[in-house]
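Work through these exercises with the structure in view. Try each task before you read its solution.

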Amino acid sequence: MTRIAIIGAGISGLATAHAIERLAAERSLNVSVTVLEREARTGGKIWSIREEGYLCEWGPNGFLDSKPMTLELCERLGISDQLARSNDNARKRFIYSQGELHRLPENGPMFLQSNLISWRGKLRLAGELFVPPRRDDVDETLAEFARRRLGPEALDKLIGPMVSGIFAGDPETMSLQSCFPRIRELEREYGGLLRAMLKLAKKKKAERKAGKEVSSAAGPGGVLTSFVDGIQSLTNATSARLAGKVRTDAAVVALRPHAGGWELELATGEKLDVELVVSAAPAHALGELLQPLDQELAGLVSDIPYATMNVICCGYARERIARDLDGFGYLIPRKEGRSILGTLWDSSIFPQRAPEGHVLLRSMMGGATNPAAIDLTDAEVLARTQSDLRDIMGITAKPDFVRIFRHPQAIPQYLSGHARRLAAIDDRLQAHAGLFVTGNAFFGVGLNDCVHAANRAAEQVAKRLSVGS
Ligand SMILES: Cc1cc2nc3c(=O)[nH]c(=O)nc-3n(C[C@H](O)[C@H](O)[C@H](O)COP(=O)(O)OP(=O)(O)OC[C@H]3O[C@@H](n4cnc5c(N)ncnc54)[C@H](O)[C@@H]3O)c2cc1C
């Protein structure tokens with residue numbers, strides 16, 4: 001029997017445990033998995049809080065169905081029937097610019113009609129066709145890439161908001177290669193993004209004509225998917241289906257190698273002996289554990305920065321909001337100088353998230369470009385949110401329901417050089433047999449990416465077990 005400890009019961013740790021048990025069963029490997037979680041609950045960033053009839057997501061809202069990993073996990077867990085797909089409103093996304101909410105164009109004609117980008121900016125975007133591709137190994141920032149290919153206006157009004165929506169990040173520092181590897185590939189493969197879009201659209205048309213299954217689009221796309229009872233159904237079910245133990249209030253405070261395995265010390269003083277360890281803890285937590293063991297590795301891991309975030313849930317009686325709420329919500333370019341990064345109209349895309357006759361809006365504040373927002377008092381956070389909601393959506397009513405969630409270390413930032421850092425981490429890990437690393441700090445922050453990385457970590461563990469047996 002090989003004992004395996006997994007540190008952290010967020011989606012990464014739980015999905016790793018689940019995948020290890022599955023692979024072990026398939027390959028007749030004898031394992032005993034224990035997941036150790038610092039907090040009193042499992043889920044990590046995932047936490048669906050139901051209060052006064054509202055369903056507030058503390059962290060993630062859902063995942064996109066354009067990648068298969070999370071859907072496959074749901075299938076294996078037998079919870080596909082609990083999935084809730086966002087309705088058609090989710091396709092209508094807005095950008096707030098110069099005093100107005102502009103619908104984000106979904107196609108060429110919509111783009112030409114939109115007032116979001118000036119004619120000058122549109123021409124510059126069309127000029128992308130003539131920008132020569134870059135195929136060297138320079139790890140460009142998202143801002144460098146966007147300025148070079150799409151022009152400064154597209155950076156401000158399209159790329160910047162997208163980066164803050166996904167990473168709460170600053171495009172001036174984030175790595176294109178690590179944040180959006182597919183976009184980098186498209187430039188390399190097709191010579192540019194417009195060329196790629198045109199060729200992929202042509203390919204899709206041909207596939208459709210031939211009655212074939214249509215290949216996926218270039219962009220992030222997909223339908224935002226969650227569960228009737230919120231995204232926490234995913235981690236609850238993963239945890240419940242494990243054969244091994246999930247221990248909460250079990251913070252790992254030390255990690256010591258010994259002949260044939262590892263000793264883990266918990267905050268309670270309890271010690272656990274295992275053969276293999278998988279860390280699915282955030283980078284800062286793993287860095288602390290590694291410090292006495294390998295300072296270089298600890299430094300490489302700890303230096304991955306995190307953006308802060310406040311999540312502000314506001315509930316209103318529907319009739320108190322004068323405008324329509326048909327849409328996903330909006331993001332705000334940094335140049336607009338607002339306090340919030342944007343607002344998701346949660347109950348418009350998942351109607352069961354607010355009581356009958358009410359709506360739930362969830363605004364985000366902070367991110368890499370406004371780290372000080374985490375230090376504001378609740379009263380200040382709410383006042384700034386209300387002021388932005390008034391100016392942007394015309395909401396003058398006070399919310400009937402308010403919840404403010406704080407994430408001092410919300411989302412890891414993949415800065416330029418992240419891929420080099422990952423290679424160096426991988427290299428140093430070779431010196432620590434039986435220690436594996438996964439989690440959102442390394443290979444993608446979306447839930448699909450976390451599940452994908454968990455599957456990969458489990459595969460590494462299973463391979464190691466097969467070699468050992
Ligand atoms: C506000 C917000 C909104 C988001 N929205 C979306 C979204 O809509 N869609 C999407 O796909 N992604 C979204 N994300 C990103 C996504 O939520 C995360 O990337 C993902 O949940 C991270 O999972 P994880 O398991 O890697 O890390 P975590 O969830 O952070 O889990 C790590 C766990 O390790 C535990 N831990 C730490 N130290 C120790 C220790 N010493 N011993 C034991 N346990 C320890 C922690 O307590 C925690 O439970 C969002 C994130 C935030 C913050």
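Domain bounds here come from an automatic or database domain assignment. The model is predicted. Keep both points in mind as you work.

**Exercise 1. Locate the ligand relative to the domains.**

Task: Find which domains give residues to the shell around the ligand.

Solution. 
- Step 1. List the domains. The protein chain is divided into domain 1 (2-46 + 233-304 + 414-468), domain 2 (48-89 + 305-412) and domain 3 (121-209).
- Step 2. Look at the shell. The ligand is surrounded by 36 residues. The closest are Gly-8, Gly-10, Gly-44, Pro-60 and Ala-285.
- Step 3. Assign the shell. Domain 1 and domain 2 both give residues to the shell, so the ligand lies between them.
- Step 4. Name the elements. Helix 1 (11-26), strand 15 (306-317), strand 19 (401-412) and helix 16 (447-468) each supply at least two shell residues.
- Step 5. The shell has 20 nonpolar, 12 polar and 4 charged residues.

**Exercise 2. Judge the overall form of the chain.**

Task: Compare the radius of gyration of the protein chain with that of a compact globule.

Solution. 
- Step 1. Take the length. The chain has 469 residues, and a compact globule of that length would have a radius of gyration near 23 Å.
- Step 2. Compare. The protein chain has 23 Å, which agrees.
- Step 3. The C-alpha trace spans about 65 × 55 × 45 Å along its principal axes.
- Step 4. Count the elements. The chain has 16 helices and 20 strands.
- Step 5. Check burial. Buried residues make up 44% of the chain.
- Step 6. Check contacts. Take those between residues at least 6 apart in sequence; 72% of them join residues at least 24 apart.

**Exercise 3. Classify two residues.**

Task: Decide whether Ala-5 and Gln-98 are buried or exposed.

Solution. 
- Step 1. Recall the cut-offs. A residue is buried with 20 or more other C-beta atoms within 10 Å, and exposed with 12 or fewer.
- Step 2. Count for Ala-5. It has 27 C-beta neighbours inside 10 Å, so it counts as buried.
- Step 3. Among the residues it touches are Thr-34, Leu-36 and Leu-264.
- Step 4. Count for Gln-98. It has 11 C-beta neighbours inside 10 Å, so it counts as exposed.
- Step 5. Contrast sequence with space. Gln-98 and Lys-335 are 237 residues apart in sequence, yet their C-alpha atoms are 9.6 Å apart. Ala-5 and Leu-435 are 430 residues apart along the chain, with 9.8 Å between their C-alpha atoms.

**Exercise 4. Follow a hairpin.**

Task: Describe how strand 3 and strand 4 pair, and where the side chains of strand 4 point.

Solution. 
- Step 1. Strand 3 (residues 48-51) runs antiparallel to strand 4, with 4 bridges between them.
- Step 2. Glu-51 has Tyr-54 of strand 4 as its bridge partner.
- Step 3. Between the strands there are 2 residues, and Glu-52 takes a positive phi near 50°.
- Step 4. Recall the rule. In a regular strand the side chains alternate between the two faces of the sheet.
- Step 5. Apply it. In strand 4 (residues 54-57), Tyr-54 and Cys-56 point one way, and Leu-55 and Glu-57 the other way. All are buried.

Note on methods:
Residues are numbered from 1 along each chain as its sequence is written. This is a predicted model: local features need pLDDT of at least 70, side-chain atom pairs count only at pLDDT 80 or more; totals for chains, interfaces and linings use all residues. The radius of gyration is taken over C-alpha atoms; the globule rule is 2.2 Å times the number of residues to the power 0.38. Two residues are in contact if their C-beta atoms, placed from the backbone, lie within 7 Å. A residue is near a molecule or strand if its C-beta atom, placed from the backbone, lies within 6 Å of it. Ala, Val, Leu, Ile, Met, Phe, Trp, Tyr, Cys and Pro count as nonpolar, Asp, Glu, Lys and Arg as charged, and the others, Gly among them, as polar. Two strands pair if DSSP finds at least two bridges between them. Lists of a residue's contacts leave out its neighbours within four places in sequence.
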